[in-house]
Number of protein chains: 2
Amino acid sequence: MPTDAVEDYLKAIHRVESRSGPPVSTSQIAEALDKTPATVTSMVESLAERGLLSREKYEGVELTPAGEVAALEVVRRHRLIEAFLAEQLDYEPTEVHDEADALEHHVSEEFTRRVERLLDYPAADPHGDPIPPADLSAPEDAGTTLVAALEPGERGTVARVSDRDADVLEFLVDAEITPGTTVEVVDITSFGLVTVRTDDGTEHGLPEAVADRVYVRRGTDSAAATDGQEAGDA
Amino acid sequence: MPTDAVEDYLKAIHRVESRSGPPVSTSQIAEALDKTPATVTSMVESLAERGLLSREKYEGVELTPAGEVAALEVVRRHRLIEAFLAEQLDYEPTEVHDEADALEHHVSEEFTRRVERLLDYPAADPHGDPIPPADLSAPEDAGTTLVAALEPGERGTVARVSDRDADVLEFLVDAEITPGTTVEVVDITSFGLVTVRTDDGTEHGLPEAVADRVYVRRGTDSAAATDGQEAGDA
DNA sequence: CTATTAAATTAGACCGATCTAAAACAGGTA
DNA sequence: TACCTGTTTTAGATCGGTCTAATTTAATAG
């Protein structure tokens, strides 16, 4: 019943909320969805009328429980589709996002469950983001951003990397900074450049925009991260 | 670039055209898509402006080559998705249609090709309908309707069955009248009831609405029809 | 406390897809 | 020929989602 657009808004609001917490501002949503603020205002009005979010004029917006559920359903479909594309159709991790963005609005619950079963109930998508189970009991976490988690000299395990921006993702894949790898923070400059050393000893300078999208847990994991054993800790 | 609605219209027009030939009337389209004739008129106007079909007011409509191509692309995606759902996700033949109808508008060319490859270039979907190859060089045929092809006493091989109407399809599956089975026409009544005898010797009375959706080739095939060896003959 | 500025909202328009109700048309019948 | 009858088109409205331009509000600096 919800339209594609409605699902996109809920998903975007959910993401922002889970990073910087509510309230979520009009401009944050506009930014995330590449819409004008005016458009967002009117959409958000109608979302509020439907009970999917609560809204304080000029203040921002927060998902209601109903909105949260709807958002999680989209996230679940998105990540399952990503996992499916990578595992069954040999997509590269960098390629799955756009396809999943289109499909996530149009697969049935039946399809979702069958895919989940086919993949044997994966815990995470190819970027390491946890896949909410069918009951949506999502712990929905896994790591904090690089600079928040680690001081220079400390090491951590990459929990996941953002799949939002294709360029950023490609940068990280090239540098072999992917879920499961260990990184040591060498240095953080005043202007946000983060230098890290990876497993193989090479160093990479990550611009702020990139570093902000790498999520790690402090310390090192012994278990490798081929699939997704890291759901629901931290 | 074409919207879902545009693709739906093209697909519907293509189907009608390939059954009863052009021109296709407003009411035929309205019927097929469950829209009002007024709606169809206005949509068809815009399709004509885009060069996807040619139109004679009060006469009907015919796909242009461009429209035909666009329609075949949708058909190709639809049938590949159906085949995929049945083979990879264990859907029953009766269940694939609706899911494919939703997905067909949103899978990329990349996805389509990968699925096609995964399935090893299937010739037909689970109902026996031929899948146009990537170059769309569709022979796009396979069989004529039961009553047109066979006189009482004659036998034929089921080439495909329509997946349009879920009830009809279920009826046929129950009667084990599926692509590849041999049927003998026992009798045809004046009011359109067709009695057929299947492989196993049982007889089934098919109401006109059902019989019209069974496509056969005269005579019997020795080859079985598990997948789709029957593309492009007849 | 006022003035500036950045963010958010309102006002008004547009487009695509749909509908209902009314008018125009085409084909067959008397 | 003139009239029905069913089909098609036109006219005009609505809805969802979007935009631009103008206005209002909240926060901040003086």
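Reply: Happy to! Let's start with one cut-off: a residue counts as buried when its relative accessible area is under 20%, and as exposed when that area is over 50%, with partly exposed in between. Please keep in mind that this is a predicted model.

Me: Why is Leu136(B) called buried?

Reply: Its relative accessible area is 13%, and the label needs a value under 20%. Leu136(B) therefore counts as buried. You will find Leu136(B) in the loop between α6 (109–118) and β3 (144–145) of chain B.

Me: What makes the phi of Leu136(B) worth a remark?

Reply: Phi of Leu136(B) is positive, about 60 degrees, and the residue is not a glycine. Most residues other than glycine have a negative phi. Chain A has a case too: Glu176(A), again not a glycine, has a positive phi near 60 degrees. Glu176(A) sits in the loop between α8 (166–174) and β5 (182–188) of chain A.

Me: What kind of peptide bond joins Pro22(A) and Pro23(A)?

Reply: That bond is cis, with omega at about -5 degrees. Most peptide bonds are trans. Pro23(A) belongs to the loop between α1 (4–20) and α2 (26–33) of chain A. In chain B, the bond from Pro22(B) to Pro23(B) is cis as well, with omega near -5 degrees.

Me: How do you know that Lys11(A) and Asp101(A) form a salt bridge?

Reply: The test asks for a side-chain nitrogen of Lys or Arg within 4 Å of a carboxyl oxygen of Asp or Glu. For Lys11(A) and Asp101(A) the N to O distance is 2.7 Å, so the pair passes that test. Lys11(A) is in helix α1 of chain A and Asp101(A) in helix α5 of chain A, so the bridge ties together parts that are 90 residues apart in sequence. Salt bridges with shared partners also join Lys11(A), Asp101(A) and Glu104(A) into one network.

Me: Are the two partners, Lys11(A) and Asp101(A), buried or partly exposed?

Reply: One of each. Lys11(A) has 9% relative accessibility, so it is buried. Asp101(A) stands at 24%, so it counts as partly exposed. In chain B, Lys11(B) and Asp101(B) form a salt bridge too, with their closest N and O atoms 2.7 Å apart.

Me: Why does the pair Glu45(A) and Arg55(A) count as a salt bridge?

Reply: The N to O distance there is 3.6 Å, and the limit is 4 Å, so the label holds. Glu45(A) lies in helix α3 (residues 37–49) and Arg55(A) in strand β1 (residues 53–56) of chain A, so this bridge ties together parts 10 residues apart in sequence. Glu45(A) has 37% relative accessibility and is partly exposed; Arg55(A), at 27%, is partly exposed. Over all chains, the structure holds 20 salt bridges.

Me: What makes Arg77(A) a buried residue, and what does it touch?

Reply: Arg77(A) has a relative accessibility of 12%, so it counts as buried. This residue lies in helix α4 of chain A. Leaving out residues up to four places away in sequence, Arg77(A) touches Glu7(A), Glu104(A), His105(A), Val107(A) and Thr112(A).

Me: How do chain A and chain B meet?

Reply: The contact takes 18 residues from each of chain A and chain B. Between them the chains bury about 1500 Å², 61% of it on carbon and sulfur atoms. On the chain A side, Leu89(A), His106(A) and Arg114(A) lose the most area to chain B, together 38% of what that side buries. The count of salt bridges between the chains is two, and one of them joins the side chains of Arg114(A) and Glu95(B), at 3.5 Å from N to O. Among the elements of chain A, α6(A) gives the most to the side that touches chain B, with five residues.

Terms used. Residues numbered from 1 in each chain as written. Chains lettered and ligands numbered in written order. Predicted model: local features only at pLDDT ≥ 70, side-chain atom pairs only at ≥ 80, totals over all residues. Heavy atoms only, no water. Contact = heavy atoms within 4.5 Å. Buried area = accessible area lost by both parts, 1.4 Å probe. Helix = DSSP H or I, 4+ residues; strand = E, 2+ residues; numbered from the N terminus. Buried < 20%, exposed > 50% of the residue type's maximum accessible area, 1.4 Å probe, protein only.
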